[in-house]
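This briefing covers strand pairing, helix packing and nonpolar cores. Look through the structure before reading the points below.

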Amino acid sequence: MLVLSAKDRDRLKTLHEVKKGHLTQRAGAAELKISDRWVRELLKRVKAKDDRGIVHGLRGRASNRRIAERVQQKALKLVQAKYRDFGPTLACEYLAKQDEVKVSKETLRQWLITAGLWRVKRRKVEEVHVWRARRSCRGELVQWDTSEHDWLEGRGPKLYLVAMIDDASSRAYARFVSHDSTEENLRVLWGYLERWGRPVAFYTDKSSLFTVNPPVREAADEAVKEELTQIGRALRELGIEWIAAHSPQAKGRIERFFGTAQDQDRLVKGLRLAGAKTLEEADRYLEEEYLPQWEQSFTVSPRGTTDAHRPLGKEHDLASILSHVEERIVTSDYTIRYQGKIYQMGRSDIRPGLRGGRVRVEQRLDGSLAVQFRQHYLGVTECQPQPKVTAPRPSRAVRPPRPKAASDWMKTFDLKKGPPVWAIMNSEKAGVRRETG
């Protein structure tokens, strides 16, 4: 039984109008968006086969280019055994790279849907945001953020992924860290600067790593003194602008990078197949496998050919800039106090203005301490505290034992057997009277 689609019925109606002379062949060709020569060919087919002539001769027949059944069965078995929770796109890539089964992602998607291994998800209606065009050149704007996720799926310690992505090309640089701290972010920044140079601007959220949020009472005061975090100070010393995003959607480039890595599970499943269990193994896979795949599949060519990254100069001492910096005042004995310890300036480094002056104390990423005064670094040594000597507690004086009685004159003394006190008193008074009488 011949079944015509709506498109076939519309085409057949137009051809009947042409056949009756209500439309010219050229007008019918324009309406059907085909050539007038093809209109004449279709009219011949309809005349010979009636309405069946409008239907392609291969409709309902298997294509000569159809993939063999054994390839389909092999792909489905591999997905069930190794890539059960992979999406069609990711599974297609691993089938081609690991198992040499090359099919298109849409073909694999249809196979998985038919076999019940993949369920079509209804797309949610998302809030529409104003689209922002990419920057024209590499290095004009780099988005920077951190993602907290169970990257190792319980096989190892908790890791954070610190990533930087170029806005013009989507070229990414990322590292796993054990803590989302200032020190770890500075280490990632160091690696980016050494590889690509200094970008014009970094685009981040308003995390406390990048900005100091004043209290509400002080925020209303226009005269609030600007305070910089350690990362903010480092970017200023490097001549890099910092731009704050007011919403997650504003930094969509880096959010989509994390979405591909964790929501689509590309990085998570890659780490699983690589057997990564430590930070070092995860970083090795990220550097050698994932980031090259990302650059090959997801980066684009920027509109401009100029690279806006600026090279590092002699004045950009990364060890000094990318450190924890504080100021201290030198005391009269040429010492400073830092983190509960006392440091003594070297005698050869004492110079005019040092006593009572301010010095820059740098706690560097390698754990060393550097003290700078007017562009000169000073040698300092930690003053070892004097051990507290506790005086021995005086021993309690021992009383000498009482000497034993030399005589026994009180041996027979007994108050109970003697006369009462009143009798003694009366006898004493009587004796006094006799003496005075």
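Contact here means heavy atoms within 4.5 Å. By that cut-off, Arg11, Thr14, Leu15 and Val18 in helix α1 meet Gln25, Gly28, Glu31 and Leu32 in helix α2. The model is predicted.

**Helix packing**

- Two packed helices are described by the angle between their axes and the distance between the axes.
- Helix α1 spans residues 6-20 and helix α2 spans residues 25-32; their axes lie 9 Å apart, and the packing angle is about 170 degrees.
- Angles over 145 degrees count as roughly antiparallel, and α1 and α2 are therefore roughly antiparallel to each other.
- The residues in the contact of α1 with α2 comprise three nonpolar, three polar and two charged.
- Helix α10 (residues 252-263) and helix α11 (residues 266-274) have axes that come within 4 Å and cross at roughly 40 degrees.
- That angle makes α10 oblique to α11.
- Thr260, Ala261 and Gln262 in α10 meet Arg266, Leu267 and Val268 in α11.
- In the contact of α10 with α11, three residues are nonpolar, two are polar and one is charged.

- Strand β9 (residues 358-363) pairs with β10 in the antiparallel sense, over four bridges.
- Within this pair, Gln363 stands opposite Leu369 in β10.
- The hairpin of β9 and β10 has five residues between the strands, and Gly367 there takes a positive phi near 95 degrees.
- β10 also pairs with strand β11 (residues 376-378) in the antiparallel sense, over three bridges.
- Here Val371 stands opposite Leu378 in β11.
- The hairpin of β10 and β11 has two residues between the strands, and Arg374 takes a positive phi near 50 degrees.
- Strand β10 (residues 369-373) is largely enclosed by the rest of the structure, because four of its five residues are buried.

**Nonpolar cores**

- In soluble globular proteins, nonpolar side chains tend to be buried together.
- The largest nonpolar core has 40 residues, of which Phe257 and Leu267 touch the most other members.
- Elements that each supply at least two residues of this core include α4 (69-82), β2 (159-166), β3 (172-177), α10 and α11.
- The largest share of this core, six residues, comes from α12.
- Leaving aside neighbours within four places in sequence, Phe257 is in contact with Leu161, Ala163, Ile165, Ala172, Ala174, Tyr290, Leu291 and Trp294.
- A second, separate core of 24 residues includes Tyr160, Tyr173, Leu238 and Leu365.

Conventions: Residues are numbered from 1 along each chain as its sequence is written. This is a predicted model: local features need pLDDT of at least 70, side-chain atom pairs count only at pLDDT 80 or more; totals for chains, interfaces and linings use all residues. Side-chain values use heavy atoms; hydrogens and water are left out. Buried means under 20% relative accessible area, exposed over 50%, partly exposed in between (1.4 Å probe, protein chains only). Two strands pair if DSSP finds at least two bridges between them. Axes are lines fitted to C-alpha atoms, for helices over the stretch in contact, and angles run from 0 to 180 degrees between N-to-C directions. Angles under 35 degrees count as roughly parallel, over 145 as roughly antiparallel, 65 to 115 as roughly perpendicular and the rest as oblique. Ala, Val, Leu, Ile, Met, Phe, Trp, Tyr, Cys and Pro count as nonpolar, Asp, Glu, Lys and Arg as charged, and the others, Gly among them, as polar. A nonpolar core is a set of buried Ala, Val, Leu, Ile, Met, Phe, Trp, Tyr and Cys residues joined through side-chain atoms within 4.5 Å.
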